[in-house]
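Open the model in your viewer and keep the selection tool at hand. The stops below go from the whole chain down to single side chains.

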Amino acid sequence: MDDRTSRQHSTATQILYFHPDCLDAVRAEQKATTIRFRAPVETGLVSLVFELDDEVALPGVVTQVAATTVAQRSESDARADGFRDLAE
């Protein structure tokens, strides 16, 4: 089992960095997933940081973490993460 999927709920606030283009979708609750490559994340409190001229940080919660391969990703996974399709 991948250790990222078996970790216990963390009490420390993690920081997740996002491209500024994601800010409006996160605020509108249209973006609720993110795919991370070699960036382990645990369930628990997070600070969602958007790197703009004036940095914006929003509170959030990671409720689930699943380790998968690129080959296991689907079109719906890609769209949920803000891409037009899996190829993008």
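The tour begins with the overall fold and then turns to a few side chains.

**Whole chain**

Keep in mind that this is a predicted model. Show the protein chain as a cartoon and look for three helices and three strands. Starting at the N terminus, the elements follow the order α-β-α-β-β-α. Now switch to a surface view: the protein chain exposes about 6600 Å², and carbon and sulfur atoms supply 50% of that area. Of the 88 residues in the protein chain, 24% are buried.

**The aromatic pair**

Select Phe18 and Phe50 and show their side chains. The structure holds one aromatic pair, and it is formed by these two rings. How are the rings of Phe18 and Phe50 arranged? Their centres are 5.4 Å apart and their planes meet at 25 degrees, so the pair is stacked; the cut-off for stacked is under 30 degrees.

Next, colour the strands. Phe18 belongs to strand β1 (residues 10-18) and Phe50 to strand β2 (residues 44-50), so the pair ties together parts that are 32 residues apart in sequence. Are Phe18 and Phe50 buried or exposed? Both Phe18 and Phe50 are buried.

**The salt bridges**

Side chains of opposite charge can pair when their charged atoms come close. How many salt bridges are there in this model? The count is two.

For one of them, select Arg73 and Asp77. Their closest N and O atoms are 2.8 Å apart. Arg73 is partly exposed, with a relative accessible area of 23%, and Asp77 is partly exposed as well, at 22%.

Glu75 is partly exposed at 36% relative accessibility, and Arg79 is partly exposed at 47%.

Key: Residues numbered from 1 in each chain as written. Predicted model: local features only at pLDDT ≥ 70, side-chain atom pairs only at ≥ 80, totals over all residues. Heavy atoms only, no water. Phe/Tyr/Trp six-rings, centres within 6.5 Å; stacked < 30°, edge-to-face > 60°. Helix = DSSP H or I, 4+ residues; strand = E, 2+ residues; numbered from the N terminus. Buried < 20%, exposed > 50% of the residue type's maximum accessible area, 1.4 Å probe, protein only. Salt bridge = Lys/Arg side-chain N within 4 Å of Asp/Glu carboxyl O. Areas by Shrake-Rupley, 256 points an atom, 1.4 Å probe, with all protein chains shown as cover.
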